[in-house]
Amino acid sequence: MSDNALVLITFAGKKLLLAPEGVLLWPDYNLLVVSDLHLEKGAALSKGAPLPQFDTIDTIQRLKDACDRYRPSHIICLGDSFHTVSRAFQMPAPYLEALQELATDRRLTWITGNHDEQLPDRLPGEVLASWEQDGIIFTHEADPQAKTPMISGHFHPKARVKLRARALSAPCFVQTPHHLIMPSFGSYTGGLNILHEALSAFLSPQTICHLIHQNRLYSLPFDKKVFVKSAA
């Protein structure tokens with residue numbers, strides 16, 4: 001993937017890069033940010049339905065591929081990295097070893113989320129409720145009323161855009177003057193349409209949606225005439 005697939009944005013006065021893998025890069029600090037991995041979701045749900053349990057290794061491998069491509073010295077995972085607390089504590093050894101390899105020679109920060117309020121000590125790296133850099137707060141779920149710049153996840157934002165011949169639905173970054181909401185990175189995670197009431201507080205004429213489609217990013221100002229609700 002070429003560097004021209006990256007989108008340069010200015011957020012809170014800082015130059016950041018959005019990548020079509022669904023990761024955020026902060027070149028000044030050689031930082032890579034990802035959100036909502038939901039590792040072990042397949043295992044957690046398999047008790048109620050026969051689901052393939054390959055999501056964890058696929059998600060870790062895609063994160064490894066992104067790290068191989070961008071070579072960060074610090075990774076931040078913005079919460080809901082595990083689908084449940086119990087699955088985090090029961091994570092099979094091969095997956096734990098893959099995470100330990102991912103953390104070799106780099107800092108790894110786990111931000112806790114609503115799915116993983118507690119994380120085991122055996123995880124490589126540090127576990128924090130939030131993290132701050134240059135006045136920007138990295139957290140799992142943003143406060144829409146906050147004026148402090150926040151980079152967060154939680155909502156798994158997805159947008160459906162009305163085109164001439166059809167409607168296109170894709171994961172997206174949601175950027176406002178004070179918030180940058182990450183798409184979900186997990187292999188088994190769905191998306192919440194940005195027109196859902198849970199995201200309404202983040203939408204205004206100043207909002208920009210950065211859609212991910214076919215390994216490209218498309219940055220579109222929010223417009224109710226262009227963005228539509230998900231198909232029933």
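**View 1. The largest nonpolar core.** Leu32, Phe82 and Trp110 touch the most other members of the largest nonpolar core, which has 30 residues. A nonpolar core is a set of buried Ala, Val, Leu, Ile, Met, Phe, Trp, Tyr and Cys residues joined through side-chain atoms within 4.5 Å; buried means under 20% relative accessible area, exposed over 50%, and partly exposed in between (1.4 Å probe, protein chains only). At least two residues of this core come from each of E2, E3, strand E4 (31–34), H2, strand E5 (74–77), helix H4 (93–102) and strand E6 (107–111). Helices (H or I, at least four residues) and strands (E, at least two) are DSSP runs, numbered from the N terminus. Another core, of 21 residues, lies apart from the largest one and includes Trp26, Phe173, Leu180 and Met182. In soluble globular proteins, nonpolar side chains tend to be buried together.

The model is predicted: local features need pLDDT of at least 70 and side-chain atom pairs count only at pLDDT 80 or more, while totals for chains, interfaces and linings use all residues. Residues are numbered from 1 along each chain as its sequence is written, and side-chain values use heavy atoms, with hydrogens and water left out.

**View 2. Surroundings of phenylalanine 82.** Leaving aside neighbours within four places in sequence, phenylalanine 82 is in contact (heavy atoms within 4.5 Å) with His38, Leu39, Ala88, Met91, Leu99, Trp110, His115, Asp116, Leu119 and Leu123. Of these partners, Trp110 is also named with Phe82 among the residues that touch the most other members of the largest core.

**View 3. Packing of H2 and H4.** The axes of H2 and H4 cross at roughly 10 degrees and come within 11 Å. H2 is therefore roughly parallel to H4, a label for angles under 35 degrees; over 145 counts as roughly antiparallel, 65 to 115 as roughly perpendicular and the rest as oblique. Axes are lines fitted to C-alpha atoms, for helices over the stretch in contact, and angles run from 0 to 180 degrees between N-to-C directions. On the H2 side, Thr56, Ile57, Ile60, Leu63, Lys64 and Cys67 meet Tyr95, Ala98, Leu99, Glu101 and Leu102 of H4.

**View 4. Salt bridge between arginine 69 and glutamate 21.** The side chains of arginine 69 and glutamate 21 form a salt bridge with an N to O distance of 2.5 Å. Arginine 69 belongs to helix H2 (residues 55–70) and glutamate 21 to the loop between strand E2 (14–19) and strand E3 (23–26), so the pair ties together parts 48 residues apart in sequence. Arginine 69 is partly exposed at 38% relative accessible area, whereas glutamate 21 is buried at 17%. A salt bridge is a side-chain nitrogen of Lys or Arg within 4 Å of a carboxyl oxygen of Asp or Glu; the count by this rule is 5.

View 5. Arginine 62 and aspartate 58 are joined by a salt bridge of 3.3 Å, N to O. Both lie in H2, 4 residues apart, about one turn of the helix. Arginine 62 is partly exposed at 28%, as is aspartate 58 at 36%. In the salt bridge of aspartate 68 with lysine 64, the closest N and O atoms are 2.9 Å apart. This pair also lies in H2 with a spacing of 4 residues, about one turn of the helix. Aspartate 68 is partly exposed, with a relative accessible area of 41%, and lysine 64 is partly exposed, with 31%.
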